[in-house]
Amino acid sequence: MIRTPVLNKTHLLLSTKDPKLTEFDLRLKEQECLSLLKRCKSMEELKQVHVQILKFGLFWDSFCAGNLVASCALSDWGSMDYACSIFRQLEEPSTFVFNTMIRGYVKDVSFEEALLVYYEMIERGIEADNFTYPALLKACARSLALEEGMQIHGHVFKLGLEDDVFVQNSLISMYGKFGEVKHSCAVFEQMDQKTVASWSAIIGAHASLGLWCECLMLFGDMSSEENWRAEESTLVSVLSACTHLGALDLGRCTHGSLLRNISGLNVIVQTSLIDMYVKCGCLEKGWRLFQNMAKKNQLSYTVMISGLAMHGHGREALRVFSEMLEEGLVPDDVVYVGVLSACSHAGLVNEGLQCFNTMKFEHGIKPTVRHYGCLVDLMGRAGLLNEAFKLINSMPIEPNDVVWRSLLSACKVHSNLELGEIVAKNIFQLNSRNPSDYLVLSNMYARAQRWEDVARIRTEMVRKGFKQTPGFSLVEVKRKVYKFVSQDTSHPQCDDIYEMIHQMEWQLKFEGYSPDTSHVLLDVDEEEKRQRLKAHSQKLAIAFALIHTSRGSPIRIARNLRMCNDCHTYTKYISIIYERDITENAYLLERGKKYMQCTRLFGGHFRMINEKLYTCSGKEALDYFKDDPTLFDVYPTRYQEQMSHWPEQLVNIITKWLTGHNPSLNVADFGCGDARLAENVQNKVFSFDLVTNDPSGLTTQTISRKHRVLKPWATQIKGLLSYFKKKCSQELQQL
């Protein structure tokens, strides 16, 4: 006896209905088969149910057949081949069955087949509905079929489905995938009723093109309209925007939104948070998040290694890389770029060469131009200029201008003009349009006092139409970004800034600092060199930040050029004298320039986060800050307002703990006396004064605000007790 598969049997030989069964019995059998379909967990079980459907003649029932196709096509254990065989035996498949087949092929990453099913649907005269197009548009986006997607958009108009929110969201996402953000915006603006998915789609469309400033603008609009609660994908896009724009404060607020709205952060979200913190200069915060991750993947390790490399922690980056290998994760070429960069920044020549060989011979990764660029930079920083030059000439691939430029910078640092001229000649032969190459060579000639060659290079720059971009520094103060250039006198507070520089230099004299005038590459006397040196853009930015920020708060500066050695020494001493963490990160440059266009948004976002502080319990408010006490500096007045209606004893304990983390805090009056407490609870209005003294002693700011209480103080205390039990258990026991 030959066994024939169920699908190869001729179903027409089966009776459509068992004559022994009544209509009521058939309905019962149908319900039984549908129940069995829902409980199927494998193809074997589904085939057994399929046999029962054929046996009782239920196959020709459109509802039963549709559920059979759906179970086979959309289940994780299903088979599209089997679903297609069932589909082909249906004489008149319904719209639901066609939609199911399209969704199944999209799930199976068979996008062309999904489009072919739609074409067949049109040829048969089956009318599509609003459930047809979301999966179909996704197939067009994933298969890069823009023309077909626009034709389907036309079909949407013909069927009158252009106002369906699910179809509109899919159109926004599809056009965003193709970079047609104008079409995405056109669909979005025509929507009468926007959903969270609509906002997520339009923000994602801008994020895919790197329009980070626009992402934050849209997020601000979303937050101000109808109090939408952003979903995870939206907040990840906002995190990416914060990372690329250097918007650390908004990134912190987004982190808080994630903690409040999502019970457990997945690996992708946690990795995005780490990337944001390390690239915005908060390495310690990113490191804590990395250590607290329950599960790490290859991307998590890559981000952490690159972050440690960026901040000069080479050995720690190598330790994390070793931990990654011990976890059994296989490194790729991107990981090794971070590892080699870490070795370069930390001066670990032998370790870098060893990692390069391990990459080639143990992991079988073919080095790219980026890997060779890291190796050249590693040797150049260590002063191995001739070895780096030999490596470039022996590369199996053609070196690009970036590789040569790394060696040219090393020649400048180590004052090797002879080799620098050879390297510059190779760069010029590549027709590089980067004016910095000419400036580096010009500065090398100036240091050697070859002024005729300086004039020749400068003349060549003018002849070729190159424009020199002045060096500048960006600094963020009170959620606004300020720009300073060397010798800047255009700022409204110019006199105060230069007076602050005078005070700084007076303090520096006691630390043994003396200006290094060798970095002023001009043919002028020593006195003028010193005057020019003290007005470098970074020093002006630091002075401005010291005037307008509270003692102990960090200062973050972005530059378009690498700082000179004198500025490096100057910044180090100022950091010690004024007890400030001063971070200089050239990576923030492009982000900082765009950030200047976006700062008007951040006030609204801080209001949004602070409103959450009003309505959450005291424990939730403190949990948001406990891992990073510097978050308290973002908006301290609101934080004290949250505590303004707690009992006086508890406030004293909390204030003691907070001021331990924030020495600059001086709370004059929380308004929490016992007598006032009853009155305040009755009136539900509180006032307080917060006095913050500037570290330089130049300004004193007194802030007074009123706050309307949304919850009684008892609720706040109940949540706080568990958190402070470890911090100050003895004091709490007395309450």
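User: Where should I start with contacts: what share of those with a separation of 6 or more joins residues 24 or more positions apart?

Analyst: Contact here means heavy atoms within 4.5 Å. Among contacts in the protein chain with a separation of 6 or more, 66% link residues 24 or more positions apart. Before we go on: this is a predicted model, where local features need pLDDT of at least 70 and side-chain atom pairs count only at pLDDT 80 or more, while totals for chains, interfaces and linings use all residues. Numbering runs from 1 along each chain as its sequence is written, and side-chain values use heavy atoms, with hydrogens and water left out.

User: Fine, then how do I read confidence, and where is it lowest and highest?

Analyst: The chain's mean is 76, with 74% of its residues at 70 or more. The lowest confidence sits in strand β7 (residues 700-708), at a mean of 28, and the highest in helix α18 (residues 314-326), at 94. Two stretches deserve a look too. Residues 1-17 stay under 50, and the model has 24 contacts beyond four places in sequence for them. Residues 586-647 also stay under 50, with 169 such contacts in the model.

User: How many helices and strands does the chain have?

Analyst: Both are DSSP runs, numbered from the N terminus: helices are H or I with at least four residues, strands are E with at least two. The count comes to 38 helices and 7 strands.

User: On to burial: is Thr-271 buried or exposed, and what about Lys-182?

Analyst: Buried means under 20% relative accessible area, exposed over 50%, partly exposed in between, with a 1.4 Å probe and protein chains only. By that rule, 48% of the 735 residues in the chain are buried. Thr-271, in helix α15 (residues 267-279), counts as buried because its relative accessibility is 4%. Leaving out residues up to four places away in sequence, Thr-271 touches Met-293, Asn-297, Leu-299, Ser-300 and Val-303. Lys-182, in helix α10 (residues 181-189), counts as exposed because its relative accessibility is 71%. Then there's Ser-406 in helix α23 (residues 401-413), which is buried at 18%.

User: Which residues have the most contacts inside the largest nonpolar core?

Analyst: In soluble globular proteins, nonpolar side chains tend to be buried together. A nonpolar core is a set of buried Ala, Val, Leu, Ile, Met, Phe, Trp, Tyr and Cys residues joined through side-chain atoms within 4.5 Å. The largest one has 150 residues, and Met-101 and Tyr-133 have the most contacts inside it. A second, separate core has 23 residues, including Ile-497, Met-504, Ala-543 and Leu-546.

User: Last one: in what order do the strands of the open sheet run?

Analyst: Strands of a sheet pair through backbone hydrogen bonds, either parallel or antiparallel. Two strands count as paired if DSSP finds at least two bridges between them. This sheet has 4 strands in the order β2-β1-β3-β4, with mixed pairing. β2 (480-485) and β4 (582-584) are the edge strands, each pairing on one side only. β1 (residues 472-477) pairs with β2 in the antiparallel sense over 6 bridges, with Val-475 opposite Tyr-482 and Glu-476 opposite Val-481. β1 and β3 are antiparallel as well, over 3 bridges, and Leu-474 has Ala-558 as its bridge partner in β3. β1 is mostly covered, with 5 of its 6 residues buried.

User: Which helix lies across those strands?

Analyst: For angles, axes are lines fitted to C-alpha atoms, for helices over the stretch in contact, and values run from 0 to 180 degrees between N-to-C directions. Helix α29 (residues 537-548) lies across β1, β2, β3 (555-559) and β4, at about 10 degrees to β1.

Notes: pLDDT = per-residue confidence, 0-100.
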